[in-house]
Amino acid sequence: MSTPTQAPPESRHRWLVLATVALAQLMVVLDATIVNIALPSAQAELGFSDNDRQWVVTAYALAFGSLLLLGGRLADMFGRRRMFLIGLVGFAAASALGGAAQTFELLVGARALQGVFAAVLAPAALSVLTTTFTIPKERARAFGVFGAIAGMGGAIGLLLGGYLTENFDWRWNLYVNVVIAVIAFAAGTVLLSRTEARHDTRIDVPGVLLASTGLFLLVFGFSQAEPQGWDAPVVWGSLAVSVVLLVGFVLRQRTAEHPLLPLSIVQDRDRGAGFLAILVAGSGMFGVFLFLTYYLQLTLGYGPMQTGTAFLPMVLFIVITAQVQTNLLVPRFGPKIVVPLGMTVGAGAMLWFTTLDVDSGYGSVLVGLIGMGIAMGSIMPASFQIATLGVAPRQAGAASAMVSTSQQVGGAIGTAVLNTLAATAATAYVADRAPATPEVIAAGALHSFSVAYTWSAGIFLLGAVLTASLFRTRRDRDARAADVAPATSDEAAVLVH
């Protein structure tokens with residue numbers, strides 16, 4: 001066991017390491033929303049149809065979500081530092097390609113390539129954090145920052161996207177990633193350890209194919225639910241095949257010599273509850289961004305920059321709550337109390353949004369945004385920390401990949417399901433109140449938003465019940481740690497904390 005004087009470079013400069021990986025994480029998360037505001041301008045310049053524009057967003061989500069487990073495995077095999085830097089270079093190159101795109105096809109291809117390198121970068125960044133911060137108090141602070149970034153990245157994407165689109169050009173929504181990546185690459189080259197161990201030099205190819213194809217079809221199926229309808233063969237067929245492939249993946253991992261995802265990672269109750277919480281929060285987070293953006297722009301008449309700025313209070317309360325929770329409440333009460341409480345607050349915020357109407361001012365919106373900020377600041381940091389706690393260093397990439405996969409799949413499922421429910425509600429509302437005057441259509445839109453918020457509140461409440469049931473109590477966790485403590489391995493030492 002190493003002494004404090006033999007600490008690796010990451011430990012001596014660990015807070016700078018945190019800043020570096022947080023910057024990379026911010027780039028990856030905000031890219032899920034930053035392009036949304038630029039879409040109208042990009043569509044006008046490149047001349048693609050309304051039906052095609054979804055692919056600018058979907059291409060990123062498909063590649064990102066389907067390749068995360070492979071990205072985590074590569075980080076474990078070839079080293080977190082190497083894959084972190086490769087991910088940054090690739091993401092920057094893909095962003096530059098997309099920014100320079102002169103055709104719709106090239107733009108979509110660049111977005112898919114961004115997703116590929118995001119799947120390399122995100123698990124490497126989180127696993128760097130997991131292995132750098134092992135002292136419980138410092139680990140809590142680090143994951144408080146990292147979880148806050150994950151929770152507020154989408155809102156920052158809307159704000160930054162609005163600013164760049166209004167004041168520069170839609171292409172800068174992609175070019176800005178080059179600037180961020182260059183800074184993170186320079187810092188990572190200096191700060192990240194060159195002496196980290198690498199593990200298991202083989203890839204479970206059947207596992208990769210099963211997981212990647214299964215996740216691809218899962219995200220794809222849900223992404224097509226709104227434009228095609230739930231009864232479309234491409235939707236239910238994709239979802240059915242994805243279930244078969246993912247079940248096959250689980251069975252494969254039970255016998256594989258070098259599993260892509262060791263099942264012990266997800267079978268632990270606390271980690272499983274953490275993954276579930278991140279999935280639910282991702283679903284609600286992307287849902288509120290989508291429908292509240294529509295409300296602010298279509299109903300209240302906000303511009304892109306004004307819409308992005310409107311989300312700032314939520315970002316502020318995520319940051320404040322994340323620090324209060326990770327430094328004060330989580331150490332005292334544990335995730336079994338804090339995470340379900342955050343879920344309940346999120347449900348309350350969603351129900352508050354159902355009261356918004358044509359005459360509501362920003363003050364009414366602000367109340368719900370503050371509630372969502374408190375909810376995300378309570379859920380994400382604690383869940384990120386518990387989902388990677390006690391994982392052996394050789395499996396840090398796989399556990400980190402599951403965290404990112406939960407967030408991405410949650411976002412894809414939430415956006416597709418809520419969008420479909422909203423579209424169906426709007427159609428039914430207008431049909432029942434024919435003729436479809438502008439007033440009826442506007443009222444139908446508001447009704448559809450309310451339906452989506454109500455369902456989202458239900459998702460949060462379900463998440464509250466499940467996480468309250470699954471997370472261990474502090475007494476159970478301490479007893480389990482005491483049972484593991486006599487072991488001599490480094491894994492046991494980490495788990496005790």
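Predicted model: local features only at pLDDT ≥ 70, side-chain atom pairs only at ≥ 80, totals over all residues.
Two packed helices are described by the angle between their axes and the distance between the axes.

**Helix packing around H7**

- The crossing in which H6 passes H7 is right-handed.
- On the H6 side of this contact stand Leu126, Leu129 and Thr130, which meet Arg139, Ala142, Phe143 and Phe146 in H7; sorted by class, the contact of H6 with H7 has 5 nonpolar, 1 polar and 1 charged residues.
- In H3, the residues Ile34, Ile37, Ala38 and Ser41 meet Gly157, Leu158, Leu160, Gly161, Gly162, Leu164 and Thr165 in H7; by class, the contact of H3 with H7 has 6 nonpolar, 5 polar and no charged residues.

**Aromatic rings**

- The model has a count of 14 aromatic pairs, with ring centres within 6.5 Å as the condition for a pair.
- One of these is formed by Tyr294 and Phe449, whose ring centres are 6.3 Å apart and whose planes stand at 20°, so the pair is stacked, given that planes under 30 degrees apart count as stacked.
- This pair links distant parts of the chain, for Tyr294 belongs to helix H13 (residues 269–299) and Phe449 to helix H19 (residues 438–470), 155 residues apart.
- The two partners are placed as follows: Tyr294 counts as partly exposed at 36% relative accessibility, whereas Phe449 counts as buried at 6%.
- In another pair, Phe353 and Tyr453 have ring centres 5.3 Å apart and planes at 40°, so this pair is tilted.
- Phe353 lies in helix H16 (residues 335–353) and Tyr453 lies in helix H19, so the pair ties together parts that are 100 residues apart in sequence.
- Phe353 is buried with a relative accessible area of 1%, and Tyr453 is buried with a relative accessible area of 3%.
- Tyr163, Phe168, Trp172 and Tyr175 form one aromatic cluster.

**Two separate residues**

- Ala392 is found in the loop between helix H17 (362–388) and helix H18 (396–432), and with a relative accessible area of 3% Ala392 is buried.
- Although Ala392 and Thr130 are 262 residues apart along the chain, their C-alpha atoms are separated by 9.8 Å; Thr130 is one of the H6 residues that meet H7.
- Trp55 sits in helix H4 (residues 54–78) and is partly exposed, with a relative accessible area of 25%.
- When neighbours within four places in sequence are left aside, Trp55 is in contact with Leu62, Phe104, Val108, Phe220 and Gln224.
- Trp55 and Tyr453 are 398 residues apart in sequence, and from C-alpha to C-alpha they are 25 Å apart in space.

Technical notes: Residues numbered from 1 in each chain as written. Heavy atoms only, no water. Left-handed = near helix turned anticlockwise from the far one by under 90°. Helix = DSSP H or I, 4+ residues; strand = E, 2+ residues; numbered from the N terminus. Contact = heavy atoms within 4.5 Å. Nonpolar A, V, L, I, M, F, W, Y, C, P; charged D, E, K, R; others polar. Phe/Tyr/Trp six-rings, centres within 6.5 Å; stacked < 30°, edge-to-face > 60°. Buried < 20%, exposed > 50% of the residue type's maximum accessible area, 1.4 Å probe, protein only.
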